[in-house]
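Please keep the sequence and the 3D view open while you read.

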Amino acid sequence: MKPANLILLLFLLFQTTFISAIEKPFGIFVINHDRSEYQAMSQNWDVAFDELGRAYFGNSGGVLEYNGKDWVLHQHRSKSAIRSLLFDEQSQRLYSGCYEDFGYWKRDSLGVLNYYSLAEKLNDYKFSSERIWSIVKSGKEILFQSFPTLFIYNTETEEVKSAAPGGELMFLGKVNDTVYSRVSGRGICKIEAGEIKVIDDSDFAKNATIRFYLPNERGIIVGDGKSGLHILKDGKTKKWNCEANKVLSSKDVNSAVSIGDTAYAIGTLLGGLYIINHDGKILSHIDRQSKLENNTVLGMALDHSGDLWLGMDNGLSYVDLNSTIEYKIDMDNAPSAIYSVIKHNGYIYIGTNNGVLCSKFDKDYADLDFRELSLLEGITGHIWKLEILRGELLCGSNNGIFKLDQGNSYPLSTAIGGTDFEIIEKNGQEWLIESTYFKIRMFKRENNQWVFSHFVDGFEGSCRFIEVDHAGYIWISHEIKGLNRLKLSDDFRKVVSNKYFGLESGLPTEYQLNVFTVNNRVVVTTGEEIYTYDDLTDRMLPFNKLNNTLGRFKKAVNIVNADQNHFWAIADNEAAYMKNIADSMSFVRAFTLDKQFSFPDKYQNISINKDASVLCLENGFAILPNESNDVYKHQPLVITQVVKEKKGVDNKGILLPLHNNKTLELKNRDNSLEFTINSVNYGPNDVTYQYRIVNLYDDWIEDETENVNTINDIPHGEYVYQARAVFSDGSRSNVVEYPFVILPSWFASKTGVVVIILSLVVCVGLLIVFNKRILEKQTYIIEKKHTDQHKKNESTIEQLQNDVLQKELENLQGKLTVSANALVEKDRSINTIKRELEVMFQKLEGRFPHRDYDKILKVINGQLTQKKDMLDFERHFAASQSGFYDELRQNYPNLTPADLRLCSLLKMNMNSKEISILLGITVRSVEVSRYRLRKKMELEPDENLTKVIMRY
């Protein structure tokens, strides 16, 4: 709920001139809701409540639903404004009327509100821009009123019919089981069994704008928008001569409801809300000036707790008529931070962040006028504590410790910085021990006065709270860090032992610790849960008994003892009143601050007075009764929605039935559920919720204000979801249950096991066949691979052999070439020697013996290539050029051996000169032989003989 939408105001029960005439006063607490909060249109025409206390508002955008936590707008198919509502508990239907349609809304098994039109059942009726303005139930009939027509729905036969009233029909009203309305030109009528009977045909009745009817001892109160309140009795209507009518006659009264048997709430279009008693006296008035949202009240109804809801022209207003908490707030004149409020000896004292304000005062706290307060002289700065001890009011402040009486202050010490103080008795002597910013001070009681005695030696440091336990130990909590337990000497002059308590002593933190006593038992607030000192272990342990009783209030930061058997636990924005008798603790009630108000920063405190406890706030305080006999009617807890979480992109989930004749069975994949629970609560006091899943976790989950529980990944099994609400007075609601079963995965069920076995058998068979086929295929592949490899190996071997042969052939050819070239070179060299010899023989002219010359010449000629050498050459050539001669003979059969010899030399790429040398013939002879060879081979003139032979 947004702070901007919550406007709270404490009104005096009524004007002081009327207080003595009222048996029960009305403490009024208002919460406003605007369209930015409920997300619908501004105008709200009517109000209704269902059997669970859920509120429904006829909004200009549709039916607006509110359960105290969530707002939901249900639009009519025409998206027109809903002008009238009626909830029938017998059929649990919400009837509504709008533009040219009327019908009812009903929830299905999933909890969804659906609309069903009744106007569609009308036979031969044509609407003429009509709107349904009011709805009432009369016996077995539901009556719907538009200005020209009365529509009647029989709930047994489900027949719908229309009736013409014979004039313009005004709003319907029901008093003592009789339905009334006004018909223009006819007067005030009552409607019985569908018949419209005139009971007052006076001029006033014929022309009045009558909007509501109320029961009264004097007759029936008739509310006329033009002239206010009238009394209808014995067929005659007279203006009610009462005090309230002097105001209401000009405010355009529009709607009204009875409040119990003593009062009425009357909404107007011009002046807001008036609460009057049965004698016509105004008990309270709320309008725009007194922080109501606006002055135009369109509709109203009482909820199940007797509190009032107003449908406004702009927004909604909740009016708590029975609030046990009263606020005294003054944004203009009250101090910005109030720490203590004490009444003492006819004066009121208010401790603030800048001194003490006081005034003579003997009235109720609500009657305090902050403008009458004045600042006490001599006391300035922060006021840490105001408390009455032994009948004296003492004040701990920045300036020290003071006694306050009759609007005056008396300093007990001139030392500065008093934060907390307690009384110690020893040997019949009373001592006042005071914690300060730097040391501990002791005061002694002498002649009925506190007299400063001494500072305690052995301890220095800034202290915030000081407590004395049953064993006489002094417990001091530092302003920021740490907790110390001191043992003082018998004369209280020095510290004989000092133990520090922190993380090593069992505490969860060493910061922002506050120490208090509950029934002389030391307790320490940590902001998360409360700890207590254990004598046996000499450690701090969680105070489980108190924590379990407090619930969410275990996060309290301050504990204030109200009396010997009661104490307050104060958290951030709420306070719990606890009973503690013989260490038996119980929750009495709780109060939650409206979000517009707050405690002073880091200073939550309640001042205990005889007549009331005062909760100190910024710019004022709240008055809490010490005793309360209120029996608040709590609404039952219900499950409003169950969602099977849908795993997908949208993640919206699927709604499940709220009620089942048998346990709901869910598939294993649907093992995440979300439960929404609610116990309708409209006031500021929070409702907390607990839940558990039987057979999953049987302990109740901690109190939470969140009413949506999500349980994920639930294993298969049978479960029961259980939930309960814990109210501010400590009482618990009914326990709601939702049994469900998460089925095992299909493979874990009996059918799944059979399927798995059969599947395994089939799979094994298929696996055998498959493996056989694979084996055959692999065998074929291996054999083929082996064959291919064998062929490849043979080919490789053959290739290698061919390569070897080729290498050998190439080697042979190389040798043949070398041999041929060597023969040629040899013959060329020998011929050269021979020529040189001949030249030399001729030059010597007989001087060289002819016999020697011939002998040498014979030797030289013997070294020239012989026929045998040539045959060897041809043999080697034939070996290296396999098939050369055969191919030539095949193509040219007329070739002679000499021709073939010439061809082999040409194959060796020898020129004519080389051939001539090798054959021992002239070059001319070689050319002639070449010419003859060309002829035999029939070569063309342009064909090269050597190239042709090289082809073979």
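## A tryptophan and its tyrosine neighbour

Trp105 is buried, with a relative accessible area of 3%. Buried here stands for under 20% relative accessible area, exposed for over 50%, and partly exposed for anything in between, using a 1.4 Å probe and protein chains only. Tyr115 is buried as well, at 19%.

How many aromatic pairs does the structure hold? The structure has 43 of them. Rings of Phe, Tyr and Trp (its six-membered ring) pair if their centres lie within 6.5 Å; planes under 30 degrees apart count as stacked, over 60 as edge-to-face and the rest as tilted. Trp105 and Tyr115 have ring centres 4.9 Å apart and planes at 50°, so this pair is tilted. Trp105 sits in strand E8 and Tyr115 in strand E9 (residues 113–117), 10 residues apart, and the pair links distant parts of the chain.

## About the model

This is a predicted model, in which local features need pLDDT of at least 70 and side-chain atom pairs count only at pLDDT 80 or more, while totals for chains, interfaces and linings use all residues. Residues are numbered from 1 along each chain as its sequence is written, and side-chain values use heavy atoms, with hydrogens and water left out.

## The chain as a whole

The secondary structure of the protein chain comes to 12 helices and 64 strands. Helices (H or I, at least four residues) and strands (E, at least two) are DSSP runs, numbered from the N terminus. Of the chain's 952 residues, 50% count as buried.

Contacts tell us about reach along the sequence. Taking contacts between residues at least 6 apart in sequence, 50% join residues at least 24 apart; a contact means heavy atoms within 4.5 Å. The accessible surface of the protein chain is about 47200 Å², and carbon and sulfur atoms account for 49% of that surface. Accessible areas come from the Shrake-Rupley method with a 1.4 Å probe, and for residues only the protein chains shown count as cover.

Lys343 lies over the face of Tyr365, 4.4 Å from the ring centre, and Arg464 lies over the face of Phe465, at 4.0 Å. A charge sits over a ring if NZ of Lys or CZ of Arg is within 6 Å of the ring centre and within 35 degrees of the ring normal.

## Salt bridges

A search of the whole structure finds 28 salt bridges. The term covers a side-chain nitrogen of Lys or Arg within 4 Å of a carboxyl oxygen of Asp or Glu. In one of them, the side chains of Arg77 and Asp101 meet at 3.6 Å, N to O. Arg77 lies in the loop between strand E5 (71–74) and strand E6 (84–88) and Asp101 in strand E8 (residues 101–107), so the pair ties together parts that are 24 residues apart in sequence. Are these two partners buried or exposed? Arg77 is exposed, with a relative accessible area of 55%, whereas Asp101 is buried, at 4%.

Another salt bridge joins Arg211 and Asp252 at 2.3 Å, N to O. Arg211 belongs to strand E18 (residues 210–216) and Asp252 to the loop between helix H3 (245–248) and strand E22 (253–259), so this pair ties together parts 41 residues apart in sequence. Arg211 is buried, with a relative accessible area of 17%. Lys385 and Glu422 meet in a salt bridge too, at 3.7 Å, N to O. This pair links distant parts of the chain, with Lys385 in strand E34 (residues 383–389) and Glu422 in strand E38 (residues 418–426), 37 residues apart. Lys385 counts as buried, at 13% relative accessibility.

## Cysteines and a helix end

Which disulfide count does the structure give? It holds zero disulfides, a disulfide being a pair of cysteine sulfur atoms within 2.5 Å. Cys242 counts as buried at 6% relative accessibility, and Cys358 is buried at 6%.

In helix H10 (residues 912–919), the buried residues include Ser912, Ile915, Ser916, Ile917 and Leu918. Just after H10, Gly920 takes a positive phi of about 70°.
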